[in-house]
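Please read these notes next to the model.

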Amino acid sequence: MGDSPRFNLRIPGPTPLPPSVRQALSRQMISHRGAEFRILFREVTERLRALFQTEGDVLLLTASGTGGMEACVVNTISPGDKVLVVSIGVFGDRFAQIAAAFGAQVVKLGFPLGCAAQPEAILQALHSNPDCRVLFVTHNETSTGVTNDIKEIAAAVRSLGERTPLLVVDAISSLGAIELPMDEWGCDIVLTASQKAWMSPPGLAMVGLNERAWTYVKQAKAPRFYFDFGLARRYAAEDATPFTPAVSVLYGLHQALALMMEEGLPHIYERHRRLARMLRAGLRDLGLRIVAEDEERASNTVTAFYTPAGVNGEELLEALAREHGLFLAEGQGGLKGKALRIAHMGYVSEKDIAEVLAALRSSLQTDAGAR
Ligand SMILES: *Cc1c(COP(=O)(O)O)cnc(C)c1O
């Protein structure tokens, strides 16, 4: 059914795949300890370093995004460490849950739904908790469609000088679509996942680390085995992974990265910006209210909108799928039952957005007519 022309998958991962990526995925398996794999691994890693805009390392982990989050926690903390988690929604909360599960003393700084984190408030929290060793923050909150200003946040945090905590950024639903030059902005760890903006299937978490991050990895005492960054780095030096990697996903990612390098980051960012603006304008034309409070901080990869009064979100989702082959995502966390989400990251064009708007217009009209 995914091959039918009337099929528009607009959930925030997995996202649709370009034809050439799907073709790459169908390749026969190779030995993950052989020469061919080493070339594949090296090229993927080199392309990722270019797109992460880092001179540091990029590690490939066979895991979903949450696995990557857990890896970032266990490799940077020791039980009892105080950490600051900035949360503007479900995925910020998840970092707090994982850090707590591994024994961190979590200070959580939350912001109202639909709002971005305020850099001054983060700085204030760090002044009140000068012993925070790590700061976890979400770049793009997929549950609300809000993008944090990491440039400003990183600058605020770095003003602390020697007491600057390690800055770990969950860019799972933004990297490769929304600007985040890791080294230039001073992020120590940035993580993402293959099934979001990377036009690849689920299965790989990608983690960028600078030298400062490695000093933390060496000191961290949280229990870890599969997700040991030190081990992954030793194997990566030989263009290999410690355990069996998701070989097919690497085939797909290798091709997707070639497409991304060809398009170029500036064009990719601009395309996402343009399509997101087009979508938000179209939703407003339909009388729908966008969850992101501030247009400046509205996400270029995912848009959440409130279901209008009198409309059952679940029924609307079903009608869109049945009548238009359009698949949107439901609201999460505090927005469950109140909002729906539309993803527009990776392999997405103006035509896809136009189809989303046309389908919504049609289903909302039918729905209104039925009442
Ligand atoms: C999707 C997502 C995650 C979780 O990724 P999974 O692959 O579902 O484990 C975490 N953080 C953000 C911001 C995400 O968008």
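How far is an oxygen atom of the ligand from a polar backbone atom of Gly-65? The distance is 2.8 Å.

1. Basis. The model is predicted, with local features needing pLDDT of at least 70 and side-chain atom pairs counted only at pLDDT 80 or more, while totals for chains, interfaces and linings use all residues. Residues are numbered from 1 along each chain as its sequence is written, and side-chain values use heavy atoms, with hydrogens and water left out.

2. An N or O atom in the side chain of Ser-64 is 2.6 Å from an oxygen atom of the ligand, and for a polar side-chain atom of Thr-66 the distance to a ligand oxygen is 2.5 Å. The protein buries 88% of the 380 Å² that the ligand exposes when taken alone. A polar contact here is a pair of N or O atoms within 3.5 Å; within protein, one must be able to donate a hydrogen and the other to accept it, and residues adjacent in sequence count only if both atoms are side-chain atoms. Accessible areas come from the Shrake-Rupley method with a 1.4 Å probe; for residues, only the protein chains shown count as cover.

3. Shell. The ligand is surrounded by 14 residues (a residue is near if one of its heavy atoms lies within 4 Å). The closest are Ser-64, Thr-66, Thr-142, Gln-195 and Lys-196. By class, three are nonpolar, eight polar and three charged (nonpolar: Ala, Val, Leu, Ile, Met, Phe, Trp, Tyr, Cys and Pro; charged: Asp, Glu, Lys and Arg; polar: the others, Gly among them).

4. Helices at the site. Helix 3 (65-74) and helix 4 (90-101) each supply at least two shell residues, and the largest share, three residues, comes from helix 3. Helices (H or I, at least four residues) and strands (E, at least two) are DSSP runs numbered from the N terminus. The axes of helix 3 and helix 4 are 10 Å apart and at an angle of about 50°, which makes helix 3 oblique to helix 4. Axes are lines fitted to C-alpha atoms, for helices over the stretch in contact, with angles from 0 to 180 degrees between N-to-C directions. Angles under 35 degrees count as roughly parallel, over 145 as roughly antiparallel, 65 to 115 as roughly perpendicular and the rest as oblique.

5. Other helix pairs. Helix 5 (residues 119-128) and helix 6 (residues 150-158) have axes 9 Å apart at about 30°, so helix 5 is roughly parallel to helix 6. The axes of helix 2 (residues 35-52) and helix 10 (residues 247-263) come within 10 Å and cross at roughly 45°.

6. Backbone. The peptide bond joining Gly-13 and Pro-14 is cis, with omega about -5°. Pro-14 sits in the loop between strand 1 (8-9) and helix 1 (19-25). Met-199, although not a glycine, has a positive phi of about 55°; the loop between strand 9 (189-193) and strand 10 (204-209) holds Met-199.
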